[in-house]
Amino acid sequence: MNTRPPQGECGMYLDVKGITKSYRDNTVLDKLDFSVLKGELVSLLGPSGCGKTTLLRMVAGLVSADSGTIRLAEREVTTLPAHRRNVSVVFQNYALFPHLNVRENVGFGLSARGMTKAQQKVPVEEALALVRMEQYADRPISALSGGQQQRVAVARALVVAPDLLLLDEPFSALDRKLRETMQVELKALLRSRGITAVFVTHDQEEALAVSDRIAVMNAGRIEQYGGPMDLYSKPATSFVLDFVGMSMRLAGTVKSAEGRLLRISTAYGDITAPGNFIAGARVLVGVRPELISPGLPQGSPEATNRVTATLSDVMCLGAKTLIYGAASGDDCLVCEESGAYAIGLPSAGSPVTFGWRVEDTLVYPAEHRQ
Ligand SMILES: Nc1ncnc2c1ncn2[C@@H]1O[C@H](COP(=O)(O)OP(=O)(O)OP(=O)(O)O)[C@@H](O)[C@H]1O
Ligand SMILES: [Mg+2]
């Protein structure tokens with residue numbers, strides 16, 4: 001059944017264009033564009049209140065847009081009611097029906113479409129088998145664990161063969177271990193069925209784990225939309241730098257700009273960085289901790305930055321060790337070494353040098369910092 005799926009006129013399966021939504025004077029979504037390819041697993045990632053759920057519910061048809069359009073599987077669905085969009089939603093609290101058992105919950109969408117219990121039998125059994133819940137079919141919902149309820153919610157969403165599956169923080173009620181298991185399971189399941197899905201999450205690790213692409217949202221806008229590695233290694237804004245992964249962050253002022261090489265003064269010494277700023281500009285310097293060495297990194301010394309501070313903490317986290325320098329204000333001096341690196345480090349209170357390559361230095365306008 002590997003037919004070429006409909007991608008819409010511009011190649012997009014879901015295509016949200018210029019969506020705006022306000023509640024009184026609160027603009028929740030601001031001329032937002034967002035698109036998904038058929039079969040893609042995409043996450044909307046952002047802090048609480050940035051508009052993730054509103055966007056998801058709008059795609060589902062549960063919230064209306066003030067302006068803009070939504071197309072899905074070659075249909076304009078902007079004003080279509082939810083039940084005519086063929087979109088399934090897995091809600092954060094699963095929203096299972098407590099008075100129905102597992103089988104009845106899973107069959108609910110099929111009943112709503114007029115299927116008899118006999119007609120539902122095969123698809124419901126299939127959906128339960130997909131999430132390995134066949135043996136629980138006759139259980140009441142109250143007799144299930146959180147992970148089992150999550151599986152039932154997924155089976156209920158998939159049984160109707162939706163064009164698009166939307167999941168709003170689907171793992172947030174589960175403990176860390178189960179959450180990680182469910183992420184792996186669900187991703188494999190959606191992949192094997194070629195299902196197109198949008199996850200909402202505020203957990204960056206979850207987004208990185210389950211997604212082909214991640215849209216990082218901030219205050220009703222998408223700041224960057226790209227693959228996990230793109231977001232991590234080339235954050236487009238200081239917000240993305242902060243929100244996805246850890247970083248060393250230093251406030252600075254551009255002293256001179258020659259070609260695309262900047263000389264920037266920070267509270268810990270001057271550094272060199274690629275970028276397009278004028279002298280006098282206030283900037284935020286960012287570097288990923290694993291690209292920094294407590295000493296000097298491999299590579300040519302002339303292309304190397306170094307700042308010096310007082311060692312304030314060493315955290316051994318098993319697979320990695322974080323080394324912190326004392327920093328002022330919003331600055332953060334941190335580098336990461338793999339393994340239990342503490343051997344040979346000076347003790348807290350000693351001077352420590354953080355070194356990294358010029359080309360690994362990211363520079364953003366200071367005023368864009370959130
Ligand atoms: N029905 C509503 N009436 C008024 N304001 C609303 C309504 N629904 C959402 N909002 C507001 O819109 C903003 C975005 O809400 P939304 O639920 O989309 O955020 P979110 O990104 O999903 O956050 P969280 O991570 O906390 O779930 C919030 O400021 C919220 O208060
Ligand atoms: Mg939400």
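**Rings and their partners**

Tutor: Start with a charge and a ring. Arg-288 places its charged end over the ring of Tyr-232, 4.1 Å from the ring centre. A charge sits over a ring if NZ of Lys or CZ of Arg is within 6 Å of the ring centre and within 35 degrees of the ring normal. The model is predicted: local features need pLDDT of at least 70, side-chain atom pairs count only at pLDDT 80 or more, and totals for chains, interfaces and linings use all residues. Side-chain values use heavy atoms, without hydrogens and water, residues are numbered from 1 along each chain as its sequence is written, and chains are lettered from A and ligands numbered from 1 in the order in which they are written.

Student: How many aromatic pairs are there?

Tutor: Rings of Phe, Tyr and Trp (its six-membered ring) pair if their centres lie within 6.5 Å; planes under 30 degrees apart count as stacked, over 60 as edge-to-face and the rest as tilted. That rule gives four aromatic pairs. In one, Phe-171 and Phe-199 are stacked, because their ring centres are 6.3 Å apart and their planes at 25°.

Student: Which parts does the pair of Phe-171 and Phe-199 tie together?

Tutor: Helices (H or I, at least four residues) and strands (E, at least two) are DSSP runs, numbered from the N terminus. Phe-171 is in the loop between strand 7 (164-168) and helix 5 (176-193), and Phe-199 is in strand 8 (residues 197-201), so the pair links parts 28 residues apart in sequence.

Student: Is Phe-171 buried or exposed?

Tutor: Buried means under 20% relative accessible area, exposed over 50%, partly exposed in between (1.4 Å probe, protein chains only). Phe-171 is buried, at 0%. Phe-199 is buried too, at 1%.
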